[in-house]
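This report is an introduction for a reader who is new to the structure. Please consult the sequence and the coordinates while reading.

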Amino acid sequence: MTQTLLLQASNVAIEIDGRQLVSSVDLAVNKGSAVGIVGETGSGKSLTCRAIAGSLPAIGGSITHGTLTLDGRDLTKPKAYADLYGRTVSLVPQNSLSALNPLMRIGAHLIETIKALDADDGLGPKNRAAQLLERVGLRDPERILRQYPHQLSGGMRQRVMIALAIAGRPKLLIADEPTTALDVSVQKEIVELLGQLTREEDMAMILVSHDLGVVSAATETVAVMYSGMVVEHGPTETILQHPRHPYTKALLEARPTIGRTGRLVGIPGAPASPDAWPSGCRFAPRCKYAQPACNEAVPTLEATDSGQFVACRRVHEIGALESAGAA
Amino acid sequence: MKHIISDQDLVEVNPMEPEGSINRTVPAAGGVLVASDVTFAYGSGPAVVKNVSLAVPEGAAIGIVGESGSGKSTLASLLVGMLTPTTGTITVGGRPWSSVRRRDPLRLAVQMVFQNPYTALNPRMTALRTVSEVYEACSGAAKAEASEHAREMLQRVGLTGLAIDKRPGEMSGGQCQRVGIARALAANPSVIVADEPTSALDVSVQAQILNLLSDLRQEQGIGLVLISHDLNVVSYLTDSAIVMRHGEVVEQGATDGLLNSPAHPYTRSLIDSVL
Amino acid sequence: MAVVAAEAPGLVPARRRRPRRLELRVGIGLIAAVILACVVIPIVNTTDPNALVAAPLQPPSAQHPFGTDTVGRDVFIRVFTAGRLDLALAALGVIVPLVTGTVIGTVIGASRSRTLDVVAMRFTDGLIAFPFMIVVLLIVLILGPEAQIPPLPPGAASVLAATWLVNWTTYARLARARTHVLRQEDFIAATGLLGYSRPRIVVRHLLPSVSPTTATFAVADTLGIVALIAALPFLGAGIQPPTPEWGSIMYEGRGVLSQAWWISLSTVGVVLVLGTGVMMVVDSLISNTRRARLT
């Protein structure tokens, strides 16, 4: 298997107004692959997306440490994004349901983007717009082109946002919580659409969610973030079946699922604010396996025998403890 | 502490069964909180809740499942007495909400936990003040006494130390939701209606809140009406559930049965959509 | 930006906050400087504002920093003595309508009676629609120019009466609108479920969230009152000469603007400094309330 690397982030730190909100992100995305980022509020997952999509300066943020390369370009350099957005990378934003201009027809949104990216594929902007709508599974594109955003349901608007994002045939599509505001039955359709587009358009995707379920439905690998760090990453299946980092384990145990019996195990406490990050492992104060030594140094990602990378200094001991407990 | 409503107070209610072939295994008669054939429309608009009947027996946990536009949040407002049904009645302890005045002790029997934990609390009041006010206003306790009760209540929902002197803006979503629950509990209710109580919270915090609600029910026999779009959450907390669509109940029954062998195709499609 | 705000409500970029705080500080500084000058200068410089101290229409000099007026009075001391009266009138003219209007508006907004709401709002519409200057002139007519509130000079009573009579309506409308928004909020819904009494809901829960909105408008309104008092002498109403008052000083200077610009312009300058300060404070307060509502 020869896979070429599209995006590589190593040890990326992000600051906004002098506050470090992301301290260490390691991430690799191959061409055409789908990668998930899972994390809770304040984990830094949305900022990481912004860094990759080049929209950090808009909120006064910058990459202060580490390397970030996208399609051979060093993104930590100023002006690296000059003509990248839309063609190489594009973003389906978190609050995308309100991202469409209520006074513009759907067609106008699409045609504007297609013209700006000069991406009509020789079809003419209007035909290309209709083709894009069809691509994202909207029936009767001619009619939808003439409609205003409020005439569409939440799921349809989200499909339009995805059409806008893929208009320039980006090599990397970032979907930041694309299903949060949608109804349950629509969520699944959108996630499946994203998975399908990734496979068929030769496009890589980063799917960000707080919900492991959403990520598992459409990605091959996943990175779990906690307090500004990637604490575990590896194949999605492996991580869901055999999580190794105590946080990932706890996150899975905290999820109620149909048919599951017995009490949920919540994670005690709440994540620390970036101003009060512990000196050692960020998760140590809430971790049931924590030892005094965990507070000494921030653990780094290390390979494990089961195929994932884990940032926990006790990962092997915990594995042994558990197999002993099981036996 | 004694609940405001005891079994003796309950009046037998025999609501009219609406027509249709809906399977009703939840008894529509008898319960602390009973909705009988309730229909509601905003002004002269279309009905957003249509012919809904349900009963919350003492200490029971009932789930109301639906997507946006299903009328489930409107039903919540009706159940707590914030809205008045266009037709049909909702009774609490055997009396219709319309006969329960503001200062009636029965008013306190049904309390609500809201979806957005931040806007559910007065932004200018500390956690302690929010809860102690309930004791001052509802049971006429003196300031010091109310404050003492409030401390105990906040401790019971897991808030101690510095957190109790914080305002909503300084607290996490989970902490705010705990304050909201403590405020509801301070009124010593028989039923708590929780409208999407964890949908704004992170997964790890969600588990804490769900466990708290589950404990309250088990330890104090407080009935729970859980409104949620999340079938996982409903399956964890409730014994019986109703599924709503376009204001109507499409299916109702024991939660386990409903989720394992749904009869209605809509319920089936909701279950299939769970990621 | 919305992405980050939703991600971590407490982490809204701090950099956006700082210029606002600077604006607030500079604004308060400018207002304080004008107030301080009006308080201190007449104490330090004991020249009688009505005394004829030099030849008329003298340009600014070391002795008379703002020059002299048409009859030879010291403009410097007159401007700052006038400031005491104008600022006191502005404060009185704002605080009373602020308090009454906020309370009335909140109570109307909290009431569930449609009739009360409609009647009250049409009444305020009527008052707002009525030309304000006519109201003042009518009140002057009714009260007579001699009507007086003891420490204040003649003419002040009618100005205050007019503002008290009319200005509360704006605050009432603002407070009512804000109350209607608050009534949709869950924390107010909760007070109903807990059976709190109406006075408790109004006093403890609505007023604390309504008053920042009306108070912000009050700061801006202060300037309006200063302008109003200053405009009245042009109609022959308001504070009567020779009592020093910004409006009458400007009015006197207007006739000789080409020979003696300093009479009008020194007054305008002081009012301008005050106005800039007020607007800076208002701007920063508005963005503060908006942010407070978001978080």
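## Confidence in chain C

Within chain C of this predicted model, confidence is lowest in helix α1 (residues 2-7), where the mean pLDDT is 33. Helix α7 (residues 186-193) of chain C is at the other end of the range, with the highest mean, 94. For chain C as a whole the mean pLDDT is 83, and 89% of the residues reach 70 or more.

Where pLDDT is low, predicted coordinates should not be read in detail. For the complex, the predictor gives an ipTM of 0.83 and a pTM of 0.81.

## Helix α7 of chain C

The buried residues of α7(C) are C:F187, C:I188, C:A190, C:T191 and C:L193. They pack against elements of two chains: β6 (110-113) and α4 (173-186) of chain B, and α6 (156-183) and α8 (198-231) of chain C. Just after α7(C), C:G195 adopts a positive phi of about 65°.

## Chain B and its sheet

Chain B has eight helices and 10 strands. Of its 275 residues, 55% are buried. Among the contacts in chain B with a separation of 6 or more, 66% join residues 24 or more positions apart.

Four strands of chain B form an open antiparallel sheet in the order β2-β1-β4-β5. Its edge strands, β2 (47-56) and β5 (95-96) of chain B, each pair on one side only. Strand β1 (residues 33-41) and strand β4 (residues 87-92) of chain B are joined in the antiparallel sense by five bridges. B:L33 stands opposite B:V92 in β4(B). In general, the strands of a sheet pair through backbone hydrogen bonds.

## The largest nonpolar core

The largest nonpolar core contains 253 residues, of which B:L79 and B:V225 touch the most other members. Helix α3 (residues 75-110) of chain C gives the most to this core, with 16 residues. Domain 1 (96-169) and domain 2 (239-326) of chain A both give residues to this core, so the core lies between them.

Leaving aside residues up to four places away in sequence, B:L79 touches B:L33, B:A35, B:I90, B:V110, B:V193 and B:V225. In soluble globular proteins, nonpolar side chains tend to be buried together.

## Where chains A and B meet

The contact between these chains takes 26 residues from chain A and 24 residues from chain B. On the side of chain B that touches chain A, α5 (203-220), α6 (231-237) and α8 (265-273) of chain B each supply at least two residues. The most comes from α5(B), which gives seven residues. By class, this side of chain B has 11 nonpolar, 11 polar and two charged residues.

A:M229 lies in strand β10 (residues 229-235) of chain A.

Not counting residues up to four places away in sequence, A:M229 touches A:S23, A:S24, A:R282 and A:A311. A:R263 is 34 residues from A:M229 along the chain, and the C-alpha atoms of these two residues are separated by 29 Å.

Terms used: Residues numbered from 1 in each chain as written. Chains lettered and ligands numbered in written order. Predicted model: local features only at pLDDT ≥ 70, side-chain atom pairs only at ≥ 80, totals over all residues. pLDDT = per-residue confidence, 0-100. Contact = placed C-beta atoms within 7 Å. Nonpolar A, V, L, I, M, F, W, Y, C, P; charged D, E, K, R; others polar. Buried ≥ 20, exposed ≤ 12 C-beta atoms within 10 Å, placed from the backbone. Core = buried A, V, L, I, M, F, W, Y, C linked by C-beta atoms within 7 Å. Domains from an automatic or database assignment. Pairing = 2+ DSSP bridges.
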